[in-house]
Amino acid sequence: MARAVKALYAVLITSLLAAPAPAVTASAGTGDVAAAGDAAPPPRPRIAGVRGLEIAVPAYAWAGDPMLGDLVATTPAASVVVLNPGNGDAPFDAPWQARADALRAGTTATGEKTKVLGYDTDHGNRDIAAVKASIDNYLKTRDGRLHVDGIFFDVVSRDCGPGNATRDHYAQLRAYVQDTMNAADPTAADLVVDNPGTAIADCYLEPGHRTADVFVTYEDTYAAYTEGGWLGGNVFGASGGYRPGTELDPTGTAFWHLVHAVPDAAAMRTTLRTAFDRGAGYAYATGTLMPNPWDESPSWKYRSQTAYAATVG
C-alpha cells in the first residue's frame, strides 16, 4: 500500500517538481554522459517518499564477506538486498540472521528500511516440495522470527507454459511465501521477486495470477544493454512484440534491471538513468565480471549508486 501511495503522489507532483533529466549518450563501451554544453541541468533530489529509481543488490557472498559489510555501512541504504547461502540450501543460521537484521536496519533515500530477500533457484521444473523446503529455510526459524522480507526466485522461466501451467507454478510458490510469512508474523509485508533475466510473458502479471511483486527483466552486460541487447520491453504478449509493461505496473516497482561489466562510474550513472527510462523501478550496476558478477562490491562505492538513484525520477 505504501508503494501505491507513493506512486500516486509522484504522478501528481512530478510535472511540477521534477527537473529535466540530464541528457545521456550511451556510446559504445564508454557510458560517457553528454558533453557539458549539451546536457540539461542535473535533476533535483526527489522529495522523500516520492517514487523514482531504487537500488537493489544481489549479494551472493558469505555472511562475513566485506561486500555485505559495505552494504550495511552504506547511507542511504540499498532498497533491496538478496542474501544467498549456498543457493538457498545452506542453513540460514545465526550468522546469516544477524547479517540480515543488520541490513534491514538500513534506511533508504525515501525513508524506508532495506528489504532483505532469501535466494532460491527453481528452474521451473524443480520438485515443488524441494522449493518449499528452501523457502522454509528462511521463513521458519528456530526463534520464530522473520529475518527476511521475502524470497528471490532465480532462473525463472519467462513463458506461460501450456494452459499457463508454468505461470501457475510460480503463482503457487508466491502464495506459499505469503502464507508462511503471514503465519510467522501477520503484520509482515512480503516481497517476492522472479528472475527470468529477460522480458517476461505478460501472463505473469495477470491480475489474480500474478507470480511476483518484482521481475528481473534484464540481467547481462553493459555492452549488451547499450548496444542492442535490450529486447525493447519488460514484457511480451502471446501475439508477439515487446513493450514496457507500465500498464501492468501501477506502482512503478515491477521491473528490475541488473547490469554487470560496467566500465566506470560514468557508465554506472548511464545505466541507472537508462534503466529508469526503460520502465525499471529497481536497478543495479557493477563493474565485476562473469562467472559471478554478484559476489563483490563494485569499484565505486554503493553510496554513489544509492545517492544518484535518489535523484532519478
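Predicted model: local features only at pLDDT ≥ 70, side-chain atom pairs only at ≥ 80, totals over all residues.
The torsion about the S-S bond of Cys 160 and Cys 203 is about -120°, so this disulfide is left-handed. The sulfur atoms of Cys 160 and Cys 203 lie 2.1 Å apart, and the count for the protein comes to one disulfide. The bond links distant parts of the chain, with the two cysteines 43 residues apart. Cys 160 sits in the loop between β4 and α5, while Cys 203 sits in the loop between β6, residues 200-201, and β7, residues 214-221. Is Cys 203 buried or exposed? Its relative accessibility is 6%, and because buried means under 20%, Cys 203 counts as buried.

The average pLDDT of the protein is 86, and 83% of the residues score at least 70. Over residues 1-43, however, the pLDDT is below 50. Beyond near neighbours in sequence, that stretch has 65 contacts in the model.

Let me turn to the nonpolar core. The largest one contains 80 residues. Those touching the most other members are Leu 71, Leu 83, Ile 135, Phe 152, Phe 153, Tyr 204 and Trp 256. Which helix gives the most to this core? Helix α5, residues 165-184, does, with five residues.

At 1.5 Å a residue, its 20 residues should span 28 Å, and the end C-alpha atoms are 29 Å apart, which agrees. The buried residues of α5 are Arg 167, His 169, Tyr 170, Ala 171, Leu 173, Arg 174, Tyr 176, Val 177, Thr 180 and Met 181. They pack against helix α4, residues 128-139, and against strands β4, residues 150-154, and β5, residues 191-194.

Which strands are joined to β1? Two bridges connect β1 to β11, residues 282-285, and these strands run parallel; here Glu 54 stands opposite Tyr 282. Four bridges connect β1 to β2, residues 80-83, again in parallel. In that pairing Ala 59 stands opposite Leu 83, and Leu 83 is one of the core residues that touch the most other members.

How values were computed
Residues numbered from 1 in each chain as written. Heavy atoms only, no water. Core = buried A, V, L, I, M, F, W, Y, C linked by side-chain atoms within 4.5 Å. Buried < 20%, exposed > 50% of the residue type's maximum accessible area, 1.4 Å probe, protein only. Expected span 1.5 Å × (residues − 1). Contact = heavy atoms within 4.5 Å. pLDDT = per-residue confidence, 0-100. Disulfide = S-S within 2.5 Å. Pairing = 2+ DSSP bridges.
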